[in-house]
Amino acid sequence: MMKNMTIQIRWMMGMLVLLLAGCDKESDDMVLPVGRREIVVSGVGTGFVQKRDLIGQNETGPKFGEFYFLKTMVLNNQPLGKPRWGCYKVTDGVIGELTAKDKASAFYWEEDETVKYTFHALSNPPAANYAYDKYPVENPVAGVHIDTLSDGTAQGRVMFGDYSKGLEYFVGHTVSDKVRPGNFKLSMAFKRQVSKLVFCKFIHKNKNGEPQEPVESCKIIFPNLPKQATFNMAEFHQFDNTVATSTRDFHYVTFHYDTDEDNWGIEFEWRQRYTDEPNQRLYHALYVPPFKFWEGEDGRPESQLGFFIVMYNNKSYTGNIYGINLDKDGKPTGKDATQVQAGEMCRFDEIILQDGPVAGGGDGSAIIPWSTKEEEDMPQHRYSGVYSADDAMRLYEALKAGADVPQQFYEERGGGKKVIRLFANVDWSQLTGELRISEEYILAGQGYNITLGEGGSLTCRQEGKLYINKELYVDGVKQEQG
């Protein structure tokens with residue numbers, strides 16, 4: 001069971017002042033038509049947790065990386081010229097200013113004041129790391145990649161994950177139907193493009209509810225969320241994904257998710273990091289696509305986007321996000337959240353991993369209330385393991401035939417070992433003889449029961465608790481009943 005779980009959804013309105021400014025005077029080798037002026041872009045950026053700071057302050061500026069701008073122009077309702085790309089970056093040694101990456105990247109207002117402009121902008125942040133932490137990430141990989149194409153379009157890809165992906169600084173904005181202003185400045189309010197889940201603390205309790213050793217590290221898996229998505233600079237949408245009344249509201253780039261089964265399941269190696277509160281919120285964060293907590297078609301907890309697994313101490317704990325919204329005093333507001341949108345943060349102040357039987361028998365336990373139907377089959381998860389009667393039958397047939405076990409049922413471990421985890425009780429009552437499982441496989445029962453037929457026996461390497469015909473085995477050793 002899950003007790004004292006605190007989840008907060010907050011719309012953090014901390015501001016980051018951005019100033020994109022080109023050179024104030026014309027270059028010696030460039031002749032501009034009279035009235036054609038270089039564009040100065042100024043703006044603010046709403047953040048998850050940042051305070052109101054000029055970009056570049058507290059060394060945050062470079063973390064946004066290069067800003068990609070796409071400019072299109074219309075005159076008398078007809079396209080004027082081709083779409084134009086510009087690339088800006090934080091000015092070295094200057095707080096609150098971005099300048100064009102090179103002369104070819106600078107934008108200009110046209111002489112004709114009736115020209116209307118549309119600007120799309122996205123940052124392309126580099127990989128980050130855990131500053132001043134004793135557990136930095138080796139060779140971090142950036143989560144955002146943008147490539148501009150010769151036809152004026154762009155293709156991008158975002159890979160969701162932890163802070164090292166740089167997604168804290170992935171921002172974007174759109175300005176439409178803009179005419180040249182009197183001060184020649186283009187105002188933009190950059191918005192965070194992904195959602196953020198912050199796991200502050202985990203507490204492990206035994207089956208009697210007694211706190212155990214502090215949880216220093218664990219693995220968190222959201223098996224039903226996509227690992228990555230593609231996007232382009234031509235498809236932006238409104239905050240709530242509904243039809244906008246004005247194109248000015250389209251500030252969020254549209255993600256297209258890969259349908260390949262291998263591209264689903266976000267994993268996060270969580271580690272307790274002892275640092276100040278702002279950095280804890282960064283370092284304990286998982287960056288994910290916007291999603292609704294409860295949207296699975298069959299209504300089962302394990303089918304929902306908010307379903308997650310915590311792997312700790314060779315056990316699995318499962319639960320769902322229900323979006324309990326609390327006030328500043330930690331009391332329920334009665335207005336529970338149903339989703340987390342781009343720029344929003346869902347904070348888990350305390351998650352309790354409670355040992356003891358869950359529905360169906362496992363001792364891996366649930367984080368929050370689970371189904372009470374003992375014999376209800378569970379659909380296949382994208383995290384390897386046995387979840388249903390159909391899974392159990394497919395595994396049995398492969399083992400009985402001496403064939404390769406389907407990859408969806410095992411997790412590879414060092415030394416060539418393969419761990420088969422049970423997430424449901426298994427009925428192999430058709431087995432009336434001996435079934436030997438190859439030494440390369442380890443059966444992690446996680447407290448679930450395997451029913452064998454009369455005279456049936458199972459010989460295999462075991463890990464953790466496994467019941468065979470309701471008799472308990474721990475690491476393969478039969479326990480005395482008492």
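Predicted model: local features only at pLDDT ≥ 70, side-chain atom pairs only at ≥ 80, totals over all residues.
I'll start with the whole protein. Its secondary structure comes to two helices and 41 strands. There are 482 residues, and 52% of them count as buried. The accessible surface is about 23200 Å², with 48% of that belonging to carbon and sulfur atoms. If you take the contacts with a separation of 6 or more, 65% of them are between residues 24 or more positions apart.

Next, confidence. The average pLDDT is 74, and 71% of the residues score at least 70. Residues 1-34 have a pLDDT below 50, and this stretch still has 122 contacts in the model beyond near neighbours in sequence. Over residues 242-246 the pLDDT also stays under 50, and there the model has five contacts beyond four places in sequence.

Now the aromatic rings. The structure holds 23 aromatic pairs. I'll take two of them.

The pair of Phe-199 and Phe-348 is stacked, because the ring centres are 4.6 Å apart and the planes stand at 10°, under the 30 degrees that stacking requires. Phe-199 sits in strand 17, residues 195-199, while Phe-348 sits in strand 30, residues 345-354, so the pair ties together parts that are 149 residues apart in sequence. Both of these residues are buried.

The other pair is Phe-202 with Trp-270. Here the centres are 4.8 Å apart and the planes are at 75°, so this one is edge-to-face. It links distant parts of the chain as well: Phe-202 belongs to strand 18, residues 202-205, and Trp-270 to strand 24, residues 264-271, which puts them 68 residues apart. Phe-202 and Trp-270 are both buried.

In general, nonpolar side chains in soluble globular proteins tend to be buried together. Which residues have the most contacts inside the largest nonpolar core here? They are Phe-170, Phe-199 and Phe-202, in a core of 75 residues. Leaving out residues up to four places away in sequence, Phe-199 touches Ile-220, Phe-222, Phe-268, Trp-270, His-284, Leu-286, Phe-348 and Ile-351. Another core, of 25 residues, lies apart from the largest one, and its members include Val-386, Tyr-396, Val-405 and Tyr-448.

How values were computed: Residues numbered from 1 in each chain as written. Heavy atoms only, no water. Phe/Tyr/Trp six-rings, centres within 6.5 Å; stacked < 30°, edge-to-face > 60°. Helix = DSSP H or I, 4+ residues; strand = E, 2+ residues; numbered from the N terminus. Buried < 20%, exposed > 50% of the residue type's maximum accessible area, 1.4 Å probe, protein only. Contact = heavy atoms within 4.5 Å. Areas by Shrake-Rupley, 256 points an atom, 1.4 Å probe, with all protein chains shown as cover. pLDDT = per-residue confidence, 0-100. Core = buried A, V, L, I, M, F, W, Y, C linked by side-chain atoms within 4.5 Å.
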